[in-house]
Amino acid sequence: MNTPEQSQLGKSSSYVDQYDASLLFPIPRQTKRDEIGITGQPPFFGADLWTAYELSWLNTRGKPQVALARITVPAESTHIIESKSFKLYLNSFNNTRIDDIAELQTRLRQDLSAAIWQGESVKASVGVQLVLPESFDREPVHELDGLSLDRLDLECDQYQPNPELLTANFNEAPTTETLTSNLLKSNCLVTGQPDWGSVRISYTGPQIDQAGLLRYIVSFRNHNEFHEQCVERIFMDITRRCKPLRLEVYARYTRRGGLDINPWRTSHPQAVPSNVRTARQ
């Protein structure tokens, strides 16, 4: 079983510039889910929305081509893909001749889908959308919608995740709110390098204490965990402490190595949010 410590994270790596799908390094989701008490079917739906900003290959005449890639990885997959291995895999296209966009899209979808299911039959394929240069100028930038928690003037002194900071008012009628913060920060599980993000929390249920929620978000500041795992931890902590009837957690992390990862988890089936970058991304 692959572990994060066995990946290329924090290690010197030679860059392969000829197509090589074996560079992808899948990591089981269940190991970290066990830590937060998820056994069996997770109590959420969702996806990890990736954006690759450094994708290039050669056409059949050897001329370099470029594109952006939007990748949608279903949360029900058995594995995530370690991000440095994803970058190395994408770099392996740099001097590879590809017949056309359709071939590139097919290779990406097949390779990534095989990696996230690791020997099991593919139950839900990875989504792949390529944005070509003629559409670059139409790429939007938009902040997460909702009421900003960052407006609150408060003291913070806890920098490891503490669910006890979360409270809700169970004595009043349920409310519906969408709350955001740009103060999410965690660290890479292996290297300890900082990961900067914004988070949107939408819920219906007992009103969550906003000051406690912001302190809870800030408490991730010195925590070492991958993006996907942080969002699932947030989802589970809010679920257990605040008991919402409906809950959605969506985080957008700034890019590293030409990739951003934006996990989204929801208690109820709904459309996947648009993969639109924020200003910091």
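I worked on a predicted model, in which local features need pLDDT of at least 70, side-chain atom pairs count only at pLDDT 80 or more, and totals for linings use all residues. Residues are numbered from 1 along each chain, and side-chain values use heavy atoms, without hydrogens and water.

I noted the lining residues as I27, P28, R29, K32, R33, I80, E228, Q229 and E232 (a cavity is a set of points on a 1 Å grid where a 1.4 Å probe fits but cannot get out; lining residues have an atom within 4 Å of a point). The volume is about 60 Å³, taken as the space filled by probe spheres set on the points. Helix 5 gives the largest share of this lining, three residues (helices are DSSP runs of H or I, at least four residues; strands are runs of E, at least two).

I then looked up salt bridges and found 14 in the whole structure (a side-chain nitrogen of Lys or Arg within 4 Å of a carboxyl oxygen of Asp or Glu). R29, R33, D48, E232 and R265 are linked in a network of them.

I recorded R200 with E248 at 3.3 Å, N to O. R200 lies in strand 9 and E248 in strand 11, so this pair ties together parts 48 residues apart in sequence. Both R200 and E248 are buried (under 20% relative accessible area, 1.4 Å probe, protein chains only).

Key. On a 1 Å grid over the protein atoms alone, a cavity is a set of points where a 1.4 Å probe fits but cannot get out, and a pocket is an open set with protein on both sides within 12 Å along at least five of seven lines; lining residues have an atom within 4 Å of a point. Buried means under 20% relative accessible area, exposed over 50%, partly exposed in between (1.4 Å probe, protein chains only).
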